[in-house]
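Let's take a walk through this model together, one stop at a time.

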Amino acid sequence: MAHLRGWIGREDVGMDIVSDDLARKYHATFDRPGEAPKAGEIVPRLIHFCLAQPAAPTAVLGPDGHPARGGFLPPVPLPRRMWAGGAFIFHGDLRVGDAVKRMSRIADVVLKEGRTGTLCFVTVQHRVEANGTLVLEERQDIVYRDLDTAGSAAKPPPIAEPGTHRRSMKAEAPLLFRYSALTFNGHRIHYDRRYVTEVEGYPGLIVHGPLQAALLCNYAAELRGAPPKRFNFRGLSPLFDDDAFALHADEEDVGLKLWTARQSGQLCMMAEAQWT
């Protein structure tokens, strides 16, 4: 752990442009109504997941399809890597044509023991600027864990009642492939069925955590007629490409409580959106 905690404070910077092409493809991927944003127009919240992503050569990718560990992120010696959650404060909007700068910093590395074994949590802080003005602060929570073994199965996720607002969804392989392409995400659990079932032991392709978060954030903006000022999410259990699921939302004093749940009611992701 002393070696891994040596990564705390490590920084990375990325630059990108919110292109008309990205706005068009993002719009199509999420089946958003109407025409895609044009030059100078606002793009949806969380589209920044598609911007300024690391571009490691294919030859140096790790066996899971991610860039080999030990660069910006610490070389955690646990095979499974998942985006566990995140929190966002929005100071403004991104628009088509904006020049974007992402500044990232490793904020913490913590080891914990869970029911399924050792867990390592890495916290990354991001700041996103558009044309030199801060538009977003983000906390990203990454968890590393071992493969499941006999007797180590995770506790089943809780069952949730349907929300006041509900929208049925289906996350099939083409959507996962398109989102992986937009975010330049080579993680094989999202597109390589043989890898995800035979190596990592899951029953199907895994729906990206950020994809679910984007669906919930956009749903919140639709319900309230404006994008939220603050948004956070936490993954509770995997969602697979053959799962019918739904977006749910309930009104709260400070905003909306949102979640994704399988058709059976099992919770997959919880989120909160606030407008103040």
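Aspartate 31 follows helix H2 and has a positive phi, near 55 degrees. Helices here are DSSP runs of H or I with at least four residues, strands are runs of E with at least two, and both are numbered from the N terminus. This is a predicted model, in which local features need pLDDT of at least 70, side-chain atom pairs count only at pLDDT 80 or more, and totals for chains, interfaces and linings use all residues. Residues are numbered from 1 along each chain as its sequence is written, and side-chain values use heavy atoms, with hydrogens and water left out.

Now step back into H2 itself, residues 20-29. Its buried residues (under 20% relative accessible area, 1.4 Å probe, protein chains only) are Leu22, Ala23, Tyr26, His27 and Thr29. They sit on the same side of H2, because they cover an arc of only 165 degrees around the axis, taken from the directions from the helix axis to the C-beta atoms. These residues pack against helix H3 (173-182) and H5, where contact means heavy atoms within 4.5 Å.

Glutamine 212 is buried, with a relative accessible area of 4%. Its side chain makes a polar contact of 2.7 Å with that of threonine 260; such a contact is a pair of N or O atoms within 3.5 Å, and within protein one must be able to donate a hydrogen and the other to accept it, while residues adjacent in sequence count only if both atoms are side-chain atoms. Leaving aside residues up to four places away in sequence, glutamine 212 touches Val207, Leu239, Thr260, Cys268 and Met269.

Note on methods. Buried means under 20% relative accessible area, exposed over 50%, partly exposed in between (1.4 Å probe, protein chains only).
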